[in-house]
Amino acid sequence: MGEGFTPLLRERFGALEIGLKAEFASPTLSFKDRGAVVLVAHALARGVDRLVADSSGNAGTAISAYAARAGIECRVYIPASTSEAKLAQMRAHGAQVTLVDGTRNDAANAAIADVTSTQTYYASHVYSPFFAHGVKTYGYEVAEQLGWKAPDTLVVPVGNGTMLLGVQLAFAELAAAGIIESRPRIVAVQAARCAPLASAFAAGRTTVRPADGKTVAEGIAIAHPARGAQLLEIVRESGGWFVTVDDDEILEARSRLAARGLYVEPTAAAPLAGALKASALGAELGSTVAPLSGAGLKSA
Ligand SMILES: *Cc1c(COP(=O)(O)O)cnc(C)c1O
């Protein structure tokens with residue numbers, strides 16, 4: 001449906017020069033389309049009748065849309081707190097939506113319990129390698145749009161870490177193919193109110209303890225990311241670090257974007273908020289790229 005090859009906008013905020021990749025310009029208005037198109041194509045090739053997914057929002061909308069496109073039945077389990085706009089989008093695509101009273105992990109368990117036959121496919125954006133291999137096109141495009149160079153710094157929002165995993169795959173492949181010489185450091189951004197990975201990283205732990213807390217950045221409010229240890233390793237190995245941003249900083253970054261015509265959902269302003277914070281704290285980021293990962297009308 002035209003997923004991929006989103007614009008890379010060159011912006012300046014005070015001392016920070018940054019490339020912002022307009023992922024909200026995707027068919028279902030978030031970068032999740034990159035993963036969903038590959039995941040659903042795989043399900044279609046396997047001839048399944050039915051997809052089951054769990055999501056805090058945008059993965060569910062993307063999988064619902066591609067399932068509709070592929071003519072495959074789809075049920076999505078989501079936490080009851082998910083924004084109305086995302087719910088309406090899933091229902092419009094004909095997905096059966098089940099609201100789960102509880103955490104994001106309770107929604108995942110409900111989805112897994114629903115996979116009772118081989119004709120049902122667990123379309124998990126968290127566990128499926130097909131999703132990550134779709135998202136890696138984000139990294140290919142960043143390199144291509146910079147003239148087949150890696151930026152010095154990639155700023156990445158992290159909840160379950162599908163984008164983090166995608167960029168790691170992309171730049172590892174580009175380096176192995178001899179297309180880029182050096183790999184980017186990854187500055188991973190979490191919301192201060194729900195930052196299990198950032199806490200583990202700061203404490204030098206290699207495993208993640210569940211966090212809790214509500215934040216305006218609902219798309220990265222993942223209390224206990226399934227791939228936690230792997231995500232910590234990717235950031236550490238890249239020479240990067242974690243930044244946490246308060247809800248006030250996220251909303252401020254969202255307003256600064258809107259003031260120049262870019263309307264994104266709060267989650268999608270977190271990477272810019274993180275870059276601004278790292279820059280204000282004196283980090284030398286060099287050439288930097290961050291995503292505008294989802295559209296503003298998702299959570300107006
Ligand atoms: C899903 C999502 C993220 C975070 O992605 P993870 O794969 O959970 O780390 C960031 N921004 C938006 C808009 C999202 O939908």
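Colleague: In this model, how many nonpolar, polar and charged residues does the lining of the second largest pocket have?

Modeller: The model is predicted, to begin with. By class, that lining has six nonpolar, four polar and four charged residues.

Colleague: And what volume does the second largest pocket have, and which residues are closest to its centre?

Modeller: The space in the second largest pocket comes to about 200 Å³. Its lining is made of 14 residues, and Arg-10, Gly-19, Leu-146, Ser-287 and Thr-288 are the closest to the centre. Strand E1 (8–13), strand E2 (16–21) and strand E10 (288–291) are the elements that each give two or more residues to this lining.

Colleague: What about the largest pocket: how much space lies there, and what lines it?

Modeller: About 430 Å³ of space lies in the largest pocket. Its lining has 16 residues, with Ser-81, Arg-104, Gly-213, Lys-214 and Ala-221 nearest the centre. By class, the lining of the largest pocket divides into five nonpolar, seven polar and four charged residues.

Colleague: Let's turn to the cavity. How many cavities of 30 Å³ or more are there?

Modeller: The count is one. The largest cavity has a volume of about 280 Å³, and 24 residues line it, with Phe-31, Lys-32, Thr-162, Gly-219 and Ile-220 nearest its centre. The elements giving two or more residues to that lining are helix H2 (58–70) and helix H7 (162–176). Seven of the lining residues are nonpolar, 14 are polar and three are charged.

Colleague: Why is the ligand said to sit in the largest cavity?

Modeller: A molecule sits in a cavity if more than half of its atoms lie within 2 Å of the grid points. The ligand is listed as sitting in the largest cavity, so it passes that test.

Colleague: Which residues around the ligand come nearest?

Modeller: There are 16 residues around the ligand, and Lys-32, Asn-58, Gly-161, Thr-162 and Ser-293 come nearest. Sorted by class, this shell holds five nonpolar, nine polar and two charged residues.

Colleague: How much of the ligand's area does the protein bury?

Modeller: Taken alone, the ligand exposes 380 Å², and the protein buries 97% of that.

Key. Residues are numbered from 1 along each chain as its sequence is written. This is a predicted model: local features need pLDDT of at least 70, side-chain atom pairs count only at pLDDT 80 or more; totals for chains, interfaces and linings use all residues. Side-chain values use heavy atoms; hydrogens and water are left out. A residue is near a molecule or strand if one of its heavy atoms lies within 4 Å of it. Accessible areas come from the Shrake-Rupley method with a 1.4 Å probe; for residues, only the protein chains shown count as cover. On a 1 Å grid over the protein atoms alone, a cavity is a set of points where a 1.4 Å probe fits but cannot get out, and a pocket is an open set with protein on both sides within 12 Å along at least five of seven lines; lining residues have an atom within 4 Å of a point. Ala, Val, Leu, Ile, Met, Phe, Trp, Tyr, Cys and Pro count as nonpolar, Asp, Glu, Lys and Arg as charged, and the others, Gly among them, as polar. Grid points are joined across faces, edges and corners, and a volume is the space filled by probe spheres set on the points. Helices (H or I, at least four residues) and strands (E, at least two) are DSSP runs, numbered from the N terminus.
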